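The entries follow in the order in which I went through them.

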Amino acid sequence: MSNKISPRMSSNRNIFLQAYVLLILGFVCLLAAWLIHPNTGEYPVGVMIFGFGMLIACIINPYRLVIASFLTTALGIAVYLFFKHLISGNEVFPEYIIAIGIGLIGIAFMARRGYVGRGAVTPGILVLGIGLIEYWLIRGYNIGNLTPDRFISFMLSLWLPSIGLLLLGVIYLFLNMRK
């Protein structure tokens with residue numbers, strides 16, 4: 001007799017390994033941000049590194065973080081191209097739409113493989129959050145500075161991936177210990 005194992009079932013080893021990989025990548029980014037201090041004008045890699053870090057963690061356990069990693073990586077590449085001045089200012093909006101489309105296509109491929117459920121609302125929530133942040137950045141000066149002064153430099157620096165990956169690692173570690 002053979003027992004079928006559900007493809008949605010991920011081993012405890014992979015779940016903990018993903019949390020440890022997130023923590024290790026967070027510490028590496030934290031050390032790089034603390035020791036190297038790369039100039040965000042020359043190296044606007046914060047969002048992109050955060051997306052790549054989540055994408056690396058998805059290799060271990062594709063059932064978690066796959067939606068966020070595809071969208072964040074695609075948008076991180078778009079942010080890098082704009083802030084590196086490889087894309088002009090009037091092309092930013094179409095560039096973000098293309099990046100969101102690429103991220104959604106990646107999510108659709110993962111949904112076909114069974115890693116993402118049919119009723120996933122996370123892509124919509126993430127795109128809405130990105131839209132609100134962009135709106136606040138553009139209209140913040142007229143409304144009364146809805147974003148902090150150093151928000152853009154934080155998003156482009158290595159502090160974003162270090163804090164984000166460490167938080168995700170700690171959250172997943174505690175969630176796994178609780179089970």
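Predicted model: local features only at pLDDT ≥ 70, side-chain atom pairs only at ≥ 80, totals over all residues.

Entry 1. I then looked up Tyr63, which has a relative accessible area of 23% and is partly exposed.

Entry 2. I next went through the aromatic pairs, of which the structure holds three. One of them joins Tyr63 and Tyr115 edge-to-face, with 5.0 Å from centre to centre and 65° between the planes. Where in the chain do Tyr63 and Tyr115 lie? I found Tyr63 in the loop between helix 2 (46–60) and helix 3 (66–83), while Tyr115 is in the loop between helix 4 (92–112) and helix 5 (122–143), so that, at 52 residues apart, the pair links distant parts of the chain.

Entry 3. Phe82 and Phe83 also form an edge-to-face aromatic pair, and I noted 5.0 Å centre to centre with 75° between the planes. Phe82 is partly exposed at 23% relative accessibility, and Phe83 counts as partly exposed at 25%.

Entry 4. Last, I turned to charges over rings, and asked which ring the charged end of Arg64 sits over. I found that it sits over the ring of Tyr172, 4.6 Å from the ring centre. I also recorded the charged end of Lys84, which sits over the ring of Tyr43 at 5.6 Å from its centre.

Key:
Residues numbered from 1 in each chain as written. Heavy atoms only, no water. Phe/Tyr/Trp six-rings, centres within 6.5 Å; stacked < 30°, edge-to-face > 60°. Helix = DSSP H or I, 4+ residues; strand = E, 2+ residues; numbered from the N terminus. Buried < 20%, exposed > 50% of the residue type's maximum accessible area, 1.4 Å probe, protein only. Lys NZ or Arg CZ within 6 Å of the ring centre and 35° of its normal.
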